Amino acid sequence: MYVSTLSMFLDYKCNFACDHCSVGSSPETKYELSDEYIDQAFEEAEELDTLQLVVFTGGEVTLHLDKLLASIKEAKSRGYRTRIVTNAWWAHNMERARSMIKKLVDAGLDEINTSYDDFHTEYAPPDNIVNLVEAAVESDLKQTSVAMIIGDENPTYDAQAMIDLLTERFGAHPDAYSDRLTILEDTVSPLGRGAQIDVTELTARNGVDSGCSDVVSTISLHPDGTIKACCGHAQWYVPDLTLGSLDEKSLMDIVHNSQENMIYWLIHNIGPKKLLERIGVEGEYSGICHACHDLLGNYREEFLEYVRENKEDIVRDDIFLSDTIKRDAQSMVDHEPAIIQRLDNIADTA
C-alpha cells in the first residue's frame, strides 16, 4: 500500500451537469484548487519515492487551461508520468481536437482519459470523443482511455457502440491501436447526483469482490487542501476516506499515518464487499466504491466493532499473511527502474 499516484482536483466546476456525477459538478459548482496547494503538494511529494503518476481531474480540467498546462509541465519536470481526465467538450471538430492535444503534449502530457455514455448525450455528441481519440492516436500520447459508464441494462452507448464509431472513423477496428488505446466499461455508482439511480439490475464491470488496489495507493488533493485516500466515488461522502489536510500536516505525515491505519489495509487487502459479508451484510453493488460507501457509511459502527473484537486475528491473517502483501512487494520489484529513476531525480536536485 505505497503511493504511486497523486490525483489533483483542479476544480469541481464542469460545463456539464450529468445525472450520474458523483462529484456533483456543474457550471455553478465553483471550487478551484489554489496554486499554493499545488506548489505545496509538488514540493512535499518529493519525499514520496514511489510516486510515479500525477493525474489532473475535476470537474473539467481544461476550463483552467493555463493552470493545467503549467501543472503538467511542473509534474513532468519532476519526473512523473502525467494524465488528465476530460469530457472532451473542446473536441467539436478535428481542428480543435488536434490543437488541444498538441498543447497538452507540448506541456508534457503522457495519458488522457475521457468517458461517454447515455448520461453525456444531453451535453455533447459522441463525435467529440471520436475526434479526441483520432487526434490522440495521431499524436505522441502514450495512452488514451475511453470509459463507457453503464447505467441501464440496455444502454445506447456501451463499449461496443464506441468501437463501432471508431471503426467507422478509422476504417479499421480500433484494436489496431491497442498498444495505446483502451476502451472499457464501468458501472455507475449511485452516489452524489447519481444517488437516485437504481443499480439493482446492473452487473458490476469491475472486481467488486476483490480488494481495492487504489486506496492509499492513489491519493487525491482537493480544493480545500484535504488529502483523500483514493480518487473514487465514495471519497466525498464518508469522512474516513479523508486522510488529513495540508494546512495541518505535511503530505508525508499524512501518508505515513494512513499506511499505519488498519481500516485502509483491510479495504486494500480484503475489499469492502467481503468485509460487509463478514459483518453479516449481503448486498449487490455496482462497484467497489458503492460497497465502500456502504461499509464506511451505513455500516461503519458494525464494521469498527468487528475490527475491535478481532484485531489480533485480522492483523495476523488479513494483513501480515495476506497474498496482497506479496503482490505489493512484487509490484515494487516490477517498478524498480521507475522508482530508481525517481530517486536519481531527487538526488540530482538535492
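Tutor: A residue is called buried when its relative accessible area is under 20%, exposed when that area is over 50%, and partly exposed in between. Leu-243 has a relative accessibility of 17%, and it therefore counts as buried. Before we look around this residue, please keep in mind that the model is predicted. The pLDDT averages 91 over the chain, and 91% of the residues reach a score of at least 70. Residues 342–350 form a stretch where the pLDDT is below 50, and in the model this stretch has 13 contacts beyond near neighbours in sequence.

Let us now stay with Leu-243, which belongs to strand β9, a strand that covers residues 242–245. If neighbours within four places in sequence are set aside, Leu-243 is in contact with Ile-219, Ile-227, Lys-228, Ala-229, Ile-254, Ser-258 and Tyr-264. As for Glu-122, it is 121 residues away from Leu-243 in sequence, and the two C-alpha atoms are 36 Å apart in space.

From here we can turn to Pro-272, which sits in helix α8. Its relative accessible area is 0%, so Pro-272 is buried. Apart from neighbours within four places in sequence, the contacts of Pro-272 are Ser-210, Ile-267, Ile-288, Ala-291, Cys-292 and Leu-295. Ile-288, Ala-291, Cys-292 and Leu-295 are also listed among the buried residues of α9, together with His-290, His-293, Asp-294 and Leu-296. His-293 and Pro-272 are 21 residues apart in sequence, while their C-alpha atoms lie 8.6 Å apart in space.

That brings us to helix α9 itself, which runs over residues 288–298 and has 8 of its 11 residues buried, so it is largely enclosed by the rest of the structure. The partners against which these buried residues pack are three helices, namely α7 (262–269), α8 (272–278) and α10 (300–309).

Glu-44 is buried and yet has no salt bridge, since the nearest side chain of opposite charge, that of Arg-78, is 11 Å away. Not counting residues up to four places away in sequence, Glu-44 touches Leu-246, Ser-250, Leu-251 and Met-252. Arg-78, for its part, takes part in a network of salt bridges that links it with Glu-43, Glu-46 and Glu-74.

Helix α1 also has a helical partner, for its axis and that of α2 (residues 65–77) come within 11 Å and cross at roughly 10 degrees. Angles under 35 degrees count as roughly parallel, and α1 and α2 are therefore roughly parallel to each other. On the α1 side the contact is made by Asp-35, Ile-38 and Phe-42, and on the α2 side by Lys-67, Ser-71, Glu-74 and Ala-75.

To finish, we can follow the theme of charge through the structure, which holds 22 salt bridges. In one of them, Asp-110 pairs with Lys-142, and the closest N and O atoms are 3.0 Å apart. This pair links distant parts of the chain, as Asp-110 lies in the loop between α3 (94–107) and β4 (111–115), whereas Lys-142 lies 32 residues away in the loop between α4 (127–138) and β5 (143–150). Asp-110 counts as buried at 3% relative accessibility, while Lys-142, at 52%, counts as exposed.

Another salt bridge joins the side chains of Glu-134 and Arg-169, with an N to O distance of 2.6 Å. Here too distant parts of the chain are linked, with Glu-134 in helix α4 and Arg-169 in helix α5 (residues 159–170), 35 residues apart. Glu-134 is buried, its relative accessible area being 16%, whereas Arg-169 is partly exposed at 31% relative accessibility.

Technical notes:
Residues are numbered from 1 along each chain as its sequence is written. This is a predicted model: local features need pLDDT of at least 70, side-chain atom pairs count only at pLDDT 80 or more; totals for chains, interfaces and linings use all residues. Side-chain values use heavy atoms; hydrogens and water are left out. pLDDT is the predictor's confidence in each residue, from 0 to 100. Contact means heavy atoms within 4.5 Å. Buried means under 20% relative accessible area, exposed over 50%, partly exposed in between (1.4 Å probe, protein chains only). Lys and Arg count as positive and Asp and Glu as negative; His and the chain ends are not counted. A salt bridge is a side-chain nitrogen of Lys or Arg within 4 Å of a carboxyl oxygen of Asp or Glu. Helices (H or I, at least four residues) and strands (E, at least two) are DSSP runs, numbered from the N terminus. Axes are lines fitted to C-alpha atoms, for helices over the stretch in contact, and angles run from 0 to 180 degrees between N-to-C directions. Angles under 35 degrees count as roughly parallel, over 145 as roughly antiparallel, 65 to 115 as roughly perpendicular and the rest as oblique.
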